[in-house]
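These entries record what I looked up in one structure.

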Amino acid sequence: MKLGPDNKRAMLIDGELTEAASGQWIESVNPATEDVIGLVPAADAADVDRAAWAAKAAYPAWHALGIEGRAECLREYARRIQASAQALLDVEVADTGNTMAALRGDVNAASWGLNYYAGLGYELKGESIPATTPDNLHVTLREPYGIVGRIVPFNHPIMFATARTAAALMAGNAVIVKPPETSSLSATMLSEIARDVFPRGVMNIVTGTGRGAGDAIARHRDIKRIAFIGSPQTARQIQRSAAEVCVKHISLELGGKNPLIVYPDADVDGAVDAAVCGMNFLWQGQSCGSTSRLLVHDSLYERFVEGVVERVKEIRIGDPRSPDSSMGPINSKAQHEKVLGYIEVAMQDGARLVCGGKRPAGSAYTRGYWVEPTVFADVTPDMRIAQEEVFGPILSIMRWSDAEQAITMANGVEYGLTASVWTRDLRTAMQAVRRLDAGYIWVNGVGTHFKGVPFGGYKNSGVGREEGIEEMLSYTETKAVNFLGT
Ligand code: NAD
């Protein structure tokens, strides 16, 4: 793809590559340089309606194709994505600011996810239930909702548009994917690939803004199942919009302000490494699961702060295309301003800046949405930086003196996505695990999503679980059938 302001792209509706009915476009900007690198269609309600009609017409035959037929399509999609991996990566790096090294894993996760759900198809099974009527046969069947609207955030556009639609497709649904408006170019490439793999109308990719295409999906009567990944604020808006029209099943994978708790008996070097790795500076901190709050016991506190600062200073910020870079720019102007705003707020609230805190020095960074990896120490629970998700490269270090206080601090936010616990004592770990309000916990580890293990949040971090078998089953409705004895 030749990147530039003349690079007009198309989305996929009803098996055709198309522009928006309104003729409007959205600019894609390279966050490393602020150059316009392409234009994607600004779809609105008219385009979503067309996609929903196409999906409604397509899903019965897609479901009827059966498990093997659908699995073969998913596997073929995975193969073609792998065959186009480098071209996809070049575009995704320019469009998101994420580094090449990080994104390579996303493309692999895309094809892995498609193959995983292709293989899980035979688990789309119901049950037989004894009830209290031995002469009867009571069984359940799992049937697709029909159309699934999948709305995706900006941090992993390719992976979420593919691995996170695989389960819905495998369950027999047609899908409408809405990529993030700041980074939709890779979705236009996926449109070209998917057009040649799926029966017409089964896969629709509708680019557009949240208020335009996103809200139209939330409000469309025929899209009963919505799978959303993004912020709690948008999640609530989607729930509101949907509720004004009809009842829907909406699963929500949302943000986090995740704690990493270091107990006095922890492997300190391991925990320091985990603290830096778990903040996902490799993604500019733009990861829902980032452990952005380090809760460190008094006895280790100063040593820990020093260790973290030392490691963070080793992060090589730079051109995301370069294999030497371990951190790129923030995804968009708005997100950049948000991150810089939180740095100001943290300083005003009295947090101690121990690393970073500004745009990097040098002519390479005068344009683009750059910010240094940043660490604040002496953060207290009442500060905004301790409560609110930044979704940027800012790590907060807090101290505690008794175990009860650590758990209270860990749970004292509106979020509950991930948590990490560092101790050598199994009892301490078990007690923490039981009391933490979080959907995904690592003990003496951090960051990794393990294959097939369900991921999702407590509290305002979400509803439902993805990445395992639960996700696939969540795209089905249960039909109970009672065969009565005669
Ligand atoms: P966002 O909520 O601003 O946008 C996400 C998507 O929703 C985009 O495609 C956007 O266009 C769309 N959208 C916006 N307004 C909408 C509306 N009114 N109706 C329908 N759709 C609308 O989130 P973001 O800034 O792109 O991503 C960051 C957020 O995503 C963070 O909170 C992060 O933690 C979260 N996230 C969660 C997970 C997870 O698995 N739990 C993974 C990645 C990101």
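**Entry 1: Thr 165**

Does Thr 165 count as buried or exposed, and why? I first note that the model is predicted. I found a relative accessibility of 1% for Thr 165, and the cut-off for buried is under 20%, so Thr 165 counts as buried. I then looked up where the residue lies: Thr 165 is in helix α5, which covers residues 157-170. I also listed its contacts, leaving aside neighbours within four places in sequence. Thr 165 is in contact with Arg 150, Phe 160, Val 175, Val 177 and Met 203.

**Entry 2: helix α11**

I next checked the length of helix α11, residues 333-348. At 1.5 Å a residue, its 16 residues should span 22 Å. I found the end C-alpha atoms 23 Å apart, which agrees with that expectation.

Which residues of α11 are buried? I noted Gln 335, His 336, Val 339, Tyr 342, Ile 343, Val 345 and Ala 346.

I turned to the division of the chain. Domain 1 takes in 11-254 + 462-481, and domain 2 takes in 259-451. I noted that their centres, taken over C-alpha atoms, are separated by 31 Å. To the contact between them, domain 1 gives 26 residues and domain 2 gives 27 residues.

I then looked up the area. The size of an interface is often given as the accessible area lost when the parts come together. Between domain 1 and domain 2, about 2300 Å² is buried, and carbon and sulfur atoms give 57% of this area. On the side of domain 1, Glu 34, Thr 99 and Phe 154 supply 23% of the area buried against domain 2, more than any other three residues.

**Entry 3: pairs between the domains**

How many salt bridges are there between domain 1 and domain 2? I recorded one salt bridge between these domains. I also looked up Arg 367, which forms a salt bridge with Asp 35; the closest N and O atoms are 3.9 Å apart. For polar contacts, I noted 11 residue pairs between domain 1 and domain 2.

Finally, I asked which elements of domain 1 give two or more residues to the side that touches domain 2. They are α3 (85-96) and α4 (100-119). The largest share of that side, five residues, comes from α4.

Notes:
Residues numbered from 1 in each chain as written. Predicted model: local features only at pLDDT ≥ 70, side-chain atom pairs only at ≥ 80, totals over all residues. Heavy atoms only, no water. Helix = DSSP H or I, 4+ residues; strand = E, 2+ residues; numbered from the N terminus. Expected span 1.5 Å × (residues − 1). Buried < 20%, exposed > 50% of the residue type's maximum accessible area, 1.4 Å probe, protein only. Contact = heavy atoms within 4.5 Å. Domains from an automatic or database assignment. Buried area = accessible area lost by both parts, 1.4 Å probe. Salt bridge = Lys/Arg side-chain N within 4 Å of Asp/Glu carboxyl O. Polar contact = N/O pair within 3.5 Å; in protein donor to acceptor, adjacent residues only side chain to side chain.
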